[in-house]
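Hello,

Here is the structure for your ligand work. My notes follow below it.

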Amino acid sequence: MWRPPERVKYEPRPGPWPDRARAAKAKLFSPVDIGSITLLQRTWVPAMVPWRATDDGHMTEDLLAWYERFARGKPGAMVVEATGVRDIPSGPLLRIGHDRFIPGLKKLVETVEDASDGETRLFIQIIDFLRINRRPPAEKFFERFLEITDAHRKYFYDELSDDKIRAKLSGLNDEALAEALTEREHHSLTYGYRERVSDLHLPHIRELPETLPGLFSSAAVRAREAGFDGVELHYAHAYTMASFLSAYNTRDDGYGLDRDGRVRLPLEVLAEVRKAVGDDYVIGCRYLTEDCLDSGMTNEDSVYFGTRFAEAGMDFLSLSRGGKFEDAKQPKVGAAAYPYTGRSGYECMPQYISDEKGPFGRNLPSTANIRRAIRAAGHQTPVVAAGGVHGFEEAERILQDGEADVIAAARQTIADPDWFLKAKLGLGGEVRVCIYSNYCEALDTRHKQVTCELWDRENKDEPGIALSDDGRRRLLPPDWSPPQSR
Ligand SMILES: Cc1cc2nc3c(=O)[nH]c(=O)nc-3n(C[C@H](O)[C@H](O)[C@H](O)COP(=O)(O)O)c2cc1C
Ligand code: SF4
């Protein structure tokens, strides 16, 4: 993963924990309305893929156990990992693109309901993504993938056959190749081919505005059928909908270029989902305050988009940051680029090795700007903040200062899924505090079962402990129970 060159090291700073009386008065543990439902507290576990679904996108016992463990911490809300809206092979990514996925998802809903004693509201993040290929070996790229064009013919000033051109290209060094190939071809050679929303020459990309509203709305209907309290439309990071919102969206068919064009499809998807699930079902979205790319999407853009979403009836806005393909690290031959490996990836999940700003709360100023603008426009849409929150005082300050309405914590909750509950019960001293090492994220990058280095070796050889595929790590955090039930 990319890290800031300053390499300043940070220790976690959870600050003082409240006693039970202070926690009882805290805004963090007070209810908040989200659309037609109420969260019992303003604590939120955002979407995180733990890589436990089957290779064909189905629920597993390990996945149920993962969410069961998190639900025992009784957060106000939990969002189930990014779940694919299409019925296509997507590796071990959870899917909701067909009715056959409903029974497994229903089990998940029941599991969370039981484990949280009905206290946690459950949403599911629904995602679409475009094709990305592994970086090819150069010989294969020139032999099989590259389409020979007049530009290549012109480069060699010669009437060569396509085969000869392929052979000649494969003999060029990288500098010459950068000249002989278009930027896109060169990128496909050196990073792997990746579809973009601006590829209007491809019929299935051109037709995304016709296909995506239906795919998202059918997925939302299935989520409602499975018993989820709502859906979170994934409009963030490196995926299709975020690419529509992106400043790099050069579509000239009314769905790109300026802000109104870029936000058009995300609004049309919302409208179609709303039509399908009705007014009393929660529809929110996750999107970016900034994409953290050069000349990319700015906070002014996201303020505008947030106001449009609020006006169009989005029930919550969950804000993330960065996480794009455009600045991802070059993959090795045979591997695919991963969106959390560049500078924008760092901004999404900042690590303890950081710069003068540090890894905590980097997304808060721009999140607060969005909330302020939405309120100024007369909308009460709740705003969910995330990024390095790992202590009660900071969470409470964010709420008291009106920077957000709900506090999401991803890695702190992996480190200790009971941490909200411990803080609420005045037992904050027992919290296992995240050190922001990004060990979990490194596992995620390699699509390996996600665990935390603070607990995955603890008592792992005791009977009945589920272990990772390599047998080296326990899959779930150790049990914890509040004093009265000990
Ligand atoms: C293992 C892992 C998986 C993640 N998967 C998702 C995901 O599926 N969807 C999403 O919107 N964000 C995902 N994220 C990002 C988190 O939701 C969160 O925005 C980010 O980690 C910053 O919050 P934190 O500082 O509290 O960890 C993931 C993060 C981690 C560590
Ligand atoms: S591995 Fe554990 S300590 Fe490290 S960032 Fe992830 S949750 Fe935090």
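Contact here means heavy atoms within 4.5 Å. By that rule, Thr307 touches Ala373, Ile374, Ala377 and His379, leaving aside residues up to four places away in sequence.

Some ground rules. This is a predicted model, where local features need pLDDT of at least 70 and side-chain atom pairs count only at pLDDT 80 or more, while totals for chains, interfaces and linings use all residues. Residues are numbered from 1 along each chain as its sequence is written, chains are lettered from A and ligands numbered from 1 in the order in which they are written, and side-chain values use heavy atoms, with hydrogens and water left out.

More on Thr307. It sits in helix α13, residues 299–311 (a DSSP run of H or I, at least four residues). Thr307 counts as buried because its relative accessibility is 18% (buried is under 20%, with a 1.4 Å probe and protein chains only). Its side chain reaches the backbone oxygen of Val303 at 2.7 Å.

Now ligand 1. It is surrounded by 20 residues, the closest being Ala47, Gln125, Gly388, Ala410 and Arg411 (a heavy atom within 4 Å). Polar contacts are pairs of N or O atoms within 3.5 Å. An oxygen atom of ligand 1 lies 2.9 Å from a polar backbone atom of Ala47. For Ala82, an oxygen atom of the ligand is 3.4 Å from a polar backbone atom. At Arg286, an N or O atom in the side chain is 2.9 Å from a ligand 1 oxygen. Alone, ligand 1 exposes 610 Å², and the protein buries 97% of that (Shrake-Rupley, 1.4 Å probe).

Best wishes

Conventions
Helices (H or I, at least four residues) and strands (E, at least two) are DSSP runs, numbered from the N terminus. Buried means under 20% relative accessible area, exposed over 50%, partly exposed in between (1.4 Å probe, protein chains only). A polar contact is a pair of N or O atoms within 3.5 Å; within protein, one must be able to donate a hydrogen and the other to accept it, and residues adjacent in sequence count only if both atoms are side-chain atoms.
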